[in-house]
Amino acid sequence: MYRGNQYLNTLYKLYHDITFDTPQTMSMDIPPELGRGRITQTQIKHGIILSDWKMSYQADNDLSVKGPVRKEYVQIIFCLQDGVSWENMKEHRSVVLHKKESCFYVGQGETESICYPKNGDFFFKSIKIPVNYFMGLLTDYFDGQELTAYRKKLLSGISKVSVTPMLEQLLSETSNFSQYRGGLGYLYLDGKVRELLSVYLGEILEVDILMGKETSLSRTERTAILEAKQVIDEQLAFAPSCEELSRIVHLSVPKLSKGFSSFYGMSIHQYIIDQRLIQAARLLLDGDWNVSEIATMVGYGKPSNFAAAFKKKYGVVPKNYRQTYLCGPQK
């Protein structure tokens with residue numbers, strides 16, 4: 001009997017230690033004078049901080065908030081609802097972040113003023129990464145001229161990119177760490193942050209990479225192809241046809257089609273389908289919509305066509321995706 005109790009006590013202690021060492025999320029309500037909402041933060045290994053900030057600000061005037069930005073962090077901010085603007089008080093440099101835009105910058109330890117427009121609903125996700133750790137990642141994976149170019153691009157000024165469906169899905173997946181206990185939770189989040197960084201930095205560096213490609217297209221034509229991709233990302237459910245994109249970016253259909261396939265490894269049509277399905281997968285995991293509603297939201301007129309395309313990409317019909325994703329394939 002004693003050995004049985006001792007065994008149970010050991011198991012209980014192990015379970016307690018594992019549970020306690022799981023990544024913890026701290027929450028704080030927004031002060032009433034600023035609005036209604038909550039900020040949540042999760043700190044993982046290497047001092048990385050993941051934050052969600054949701055706030056509704058109902059007032060007759062815009063709200064300005066001043067505060068210092070710590071210089072030891074690289075910051076990535078994802079704006080998922082109403083936009084904001086902020087200004088570096090010392091340099092008088094202003095930046096505007098619109099809905100579905102994100103920015104990457106290194107804090108300078110100076111005071112910034114952030115302006116929240118009146119009657120706004122704000123939802124931001126952010127990642128703060130210690131500069132030393134981030135620089136170590138660059139050094140680990142890049143070298144020579146590539147490393148020099150990336151440092152120059154990333155560590156000076158502010159870089160802005162659209163929040164693509166892929167980025168939204170990865171951001172959403174970071175919240176799934178609660179399914180894991182102990183060090184597995186940290187390992188999961190560490191992997192997700194690195195995955196998100198690889199996709200995000202690819203978006204930031206895309207212009208530089210594409211502009212450096214050996215191609216018969218001029219710089220103006222390559223810029224037009226980038227603009228076409230941005231147009232698709234911003235209105236995915238109602239993405240223009242190739243002919244419409246051609247008129248928008250002022251590039252002939254043959255050059256746009258050939259250049260897009262060369263740069264992104266797939267046709268414009270394939271890219272639209274792929275991004276729609278990625279967005280649909282995120283909605284299936286996060287939302288309360290049914291399959292027909294999600295099909296419409298991502299641009300499919302017929303749920304049957306959506307279901308067939310989804311199964312082709314993910315190997316499971318949409319209605320079973322959430323269970324398969326959370327539980328794994330049934331044997």
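Q: What makes β5 and β10 count as paired strands?
A: Two strands pair if DSSP finds at least two bridges between them. Seven bridges join β5 to β10, so by that rule they pair, and they run antiparallel. Strands here are DSSP runs of E with at least two residues, helices are runs of H or I with at least four, and both are numbered from the N terminus. A word on the source: this is a predicted model, in which local features need pLDDT of at least 70 and side-chain atom pairs count only at pLDDT 80 or more, while totals for chains, interfaces and linings use all residues. Residues are numbered from 1 along each chain as its sequence is written, and side-chain values use heavy atoms, with hydrogens and water left out.

Q: How do you know that β3 is joined to β10 as well?
A: The same test applies: nine bridges join β3 (residues 49-57) to β10, again antiparallel. Tyr-57, for instance, stands opposite Gly-120 in β10.

Q: Why is β10 called largely enclosed?
A: Ten of its eleven residues are buried, so the rest of the structure largely encloses β10. Buried means under 20% relative accessible area, exposed over 50%, and partly exposed in between, with a 1.4 Å probe and protein chains only.

Q: Why is Glu-173 called buried?
A: Glu-173 has 5% relative accessibility, which is under the 20% limit, so it counts as buried. Its place is in helix α4. Beyond its neighbours within four places in sequence, Glu-173 is in contact (heavy atoms within 4.5 Å) with Tyr-188, Lys-192 and Tyr-325.

Q: What makes a set of residues a nonpolar core?
A: Its members are buried Ala, Val, Leu, Ile, Met, Phe, Trp, Tyr and Cys residues joined through side-chain atoms within 4.5 Å. The largest such core has 37 residues, and Phe-104, Phe-134, Leu-154 and Tyr-200 touch the most other members. The largest share, ten residues, comes from α5.

Q: What is Leu-154 in contact with, leaving aside its neighbours within four places in sequence?
A: Its partners are Phe-104, Val-106, Phe-134, Leu-138, Leu-201, Ile-204 and Leu-205. There is also a second, separate core of 20 residues, with Ala-224, Val-231, Phe-260 and Tyr-271 among them.
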